[in-house]
Amino acid sequence: MYDKILLTTMGEYMDEIIEHTLNLIQGDVELICIYVVETSVPFLTPKKVKEMMIDELKAKGKEILEDMAKGFDKPGITFRGLMVEGNPADEIVKTATNEDVDVIVMGTGKSIVDKHLLGSVSEKVVHSAPCTILLVRTAS
Amino acid sequence: MFEVIILIIALIISLIIVIKAADVFVDSIVEIGLALGISEIILGVTAAAVGTSLPEFGSAMIAILTGSPDVGVGCAIGANIWNIAGILGISAIFAGLITTRRQEVRRDGLMAILTTLTITAALFFIGEISFVVGVVLIIMYALYLWVLIRAQKSSKESEMKYYEDEKKRNLGKKTILMAVMGLVGLAIGCRAIVYCTVELSIMASIPEVLAGILLAFGTTAPEFFTVLTSAKKGLNSLAIGTVFGSNIFNILIGLGIPSLFTVIPVEPITIYFDAPVMVFITLLLLFLIKRGMKLTRVEGVILVASYIVYIVTRLYFF
């Protein structure tokens, strides 16, 4: 039984992630939902554009966390939304360690092409997570 | 050979200087604008539209005013073709999917095609970019900017209070100095870019227009990183908006402003091949986007393939 769950989301396949997380819950649980605003940009990206990107990502993150909160608005679940800036994999692992969570739930299932072109956060987390991980297969 | 290597290194260094100087200049101008009490919405919209396009504008402006108009025209038109077919195509391939909103395509996409049609028609009928054409282009840009600011104001009504609070910052000497330094960096960098491009085109025995088209690979670096990063982060509106915004700016301001100072002669090859290709590529993008308001990986491949066909044709058949 898990008492403290860390849920990660980038706003995609939220219904599947919520469904699988609810299946894990058996009693009272503290649920931390993390959205990481990835702030890194290439060297020649204009500063104003970088600021605009961060603002848009924060607005998007706020919306996603609000939607997630609605999805977990159930008795026995204490929901906490968390928005942090940095490298997604590093921040997820850091939060899991600091919060001493029992399990990390995250979506996965990018195609091989996407994995090579975009990289895979879940693969990086798997290698350094301090706890159990539930990878929800989300790609169609 | 040694001279070619030196010129290529100088070109790359100049491009980096120009891109960074443009960044410093735009930042400082926004600060100065805020201190003068100009709305942050107006400044934000203008900075976003101008920011990534300053290297093309500066290079085109300096090239045209220093007697190499073909480099300037080639750079502006070449940048527009590369922005859509190259940058957006590559970004769609990497991100897998770039979505957009109908109202943005209606506003920015329509303006982009209107811009390319206007300049192509002007070139067909007049054969050069005259003062009158320049005035028309600049008026079109002013109207577009007005529409953008109006749209931004209505969509960010709630944030207005925040902007109002932010108004009227103190204007420091450092900000003015940075603006001047940014402008000087831009001018010197652009002059060096044009010099290196012209010299390289002479050594490689290629026409100056083609050299300008190839130069666009470098001057569009800010667009490239902005669009690719936005697409990968899922900020789709920013990705497509940057391309449309840059293409509109490159023609309306990039060619409009220099034509106020001198008549810009244009090579027949540009009038009958490059400009129509620019119209075709813009229409192709709109056609691909219109089907579901998205750009898929396959459509990205179509765009990149179109660019390869264009540049190979340009290099080997003309």
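**Figure 1. Phe224(B) within helix H10 of chain B.** Phe224(B) belongs to helix H10, which covers residues 221–233 of chain B in this predicted model. Leaving out residues up to four places away in sequence, Phe224(B) touches Ile87(B) and Ile90(B). Thr242(B) is 18 residues from Phe224(B) along the chain, and a distance of 9.5 Å separates the C-alpha atoms of the two residues.

**Figure 2. Burial and geometry of helix H10 of chain B.** From its first C-alpha to its last, the 13-residue helix H10(B) reaches 18 Å, close to the 18 Å expected at 1.5 Å a residue. Of the 13 residues of H10(B), 10 are buried, so the helix is largely enclosed by the rest of the structure.

Figure 3. Val71(B) is part of helix H4, residues 69–95 of chain B. Its relative accessible area is 1%, below the 20% limit, and Val71(B) therefore counts as buried. When residues up to four places away in sequence are not counted, Val71(B) touches Ala63(B), Thr197(B), Val198(B), Glu208(B), Gly212(B) and Leu215(B).

**Figure 4. Thr282(B) in helix H13 of chain B.** Helix H13, residues 268–290 of chain B, contains Thr282(B). Thr282(B) has a relative accessibility of 2% and is therefore classed as buried. Apart from neighbours within four places in sequence, the residues in contact with Thr282(B) are Ile84(B), Ala112(B), Ile113(B) and Thr116(B).

**Figure 5. Ser259(B) in helix H12 of chain B.** Ser259(B) is located in helix H12, which comprises residues 258–261 of chain B. With a relative accessibility of 1%, Ser259(B) is buried. A polar atom of the Ser259(B) side chain lies 2.7 Å from the backbone oxygen of Gly256(B). Once neighbours within four places in sequence are set aside, Ser259(B) is in contact with Ile129(B), Ser130(B), Phe131(B), Gly134(B) and Ile264(B).

**Figure 6. The five-stranded sheet of chain A.** The strands of this open sheet follow the order E3-E2-E1-E4-E5 in chain A, and their pairing is parallel. E3 and strand E5 (132–137) of chain A are the edge strands, each pairing on one side only. From one strand to the next, the twist averages 25°. E1(A) and E4(A) run parallel and are joined by three bridges; Ile5(A) stands opposite Val103(A) in E4(A).

**Figure 7. Pairing of E2 with E3 and the crossover through helix H2 of chain A.** The parallel strands E2(A) and E3(A) are joined by nine bridges. Ile32(A) has Arg80(A) as its bridge partner in E3(A). Between E2(A) and E3(A) the chain passes through helix H2 (residues 47–71) of chain A, forming a right-handed β-α-β crossover. H2(A) lies across E1, E2 and E3 of chain A and runs at about 170° to E3(A).

**Figure 8. Helix H3 of chain A and its packing.** H3(A) spans residues 88–99, and its 12 residues reach 16 Å from first C-alpha to last, close to the 16 Å expected at 1.5 Å a residue. Asn87(A) caps the N-terminal end of this helix: one of its side-chain oxygens lies 3.1 Å from the backbone nitrogen of Ala89(A). Asp100(A) follows H3(A) and has a positive phi near 55°. The buried residues in H3(A) include Pro88(A), Ala89(A), Glu91(A) and Ile92(A), and Val93(A), Thr95(A) and Ala96(A) are buried as well. The buried residues of H3(A) pack against strands E1 (4–8), E2 (29–37), E3 (77–85) and E4 (103–108) of chain A, together with helix H5 (121–128) of chain A. H3(A) lies across E1, E2, E3 and E4 of chain A, at about 155° to E2(A).

Key. Residues numbered from 1 in each chain as written. Chains lettered and ligands numbered in written order. Predicted model: local features only at pLDDT ≥ 70, side-chain atom pairs only at ≥ 80, totals over all residues. Heavy atoms only, no water. Helix = DSSP H or I, 4+ residues; strand = E, 2+ residues; numbered from the N terminus. Expected span 1.5 Å × (residues − 1). Buried < 20%, exposed > 50% of the residue type's maximum accessible area, 1.4 Å probe, protein only. Contact = heavy atoms within 4.5 Å. Polar contact = N/O pair within 3.5 Å; in protein donor to acceptor, adjacent residues only side chain to side chain. Pairing = 2+ DSSP bridges. Right-handed = clockwise from strand over helix to strand, strands pointing away. Axes fitted to C-alpha atoms, helices over the stretch in contact; angles between N-to-C directions.
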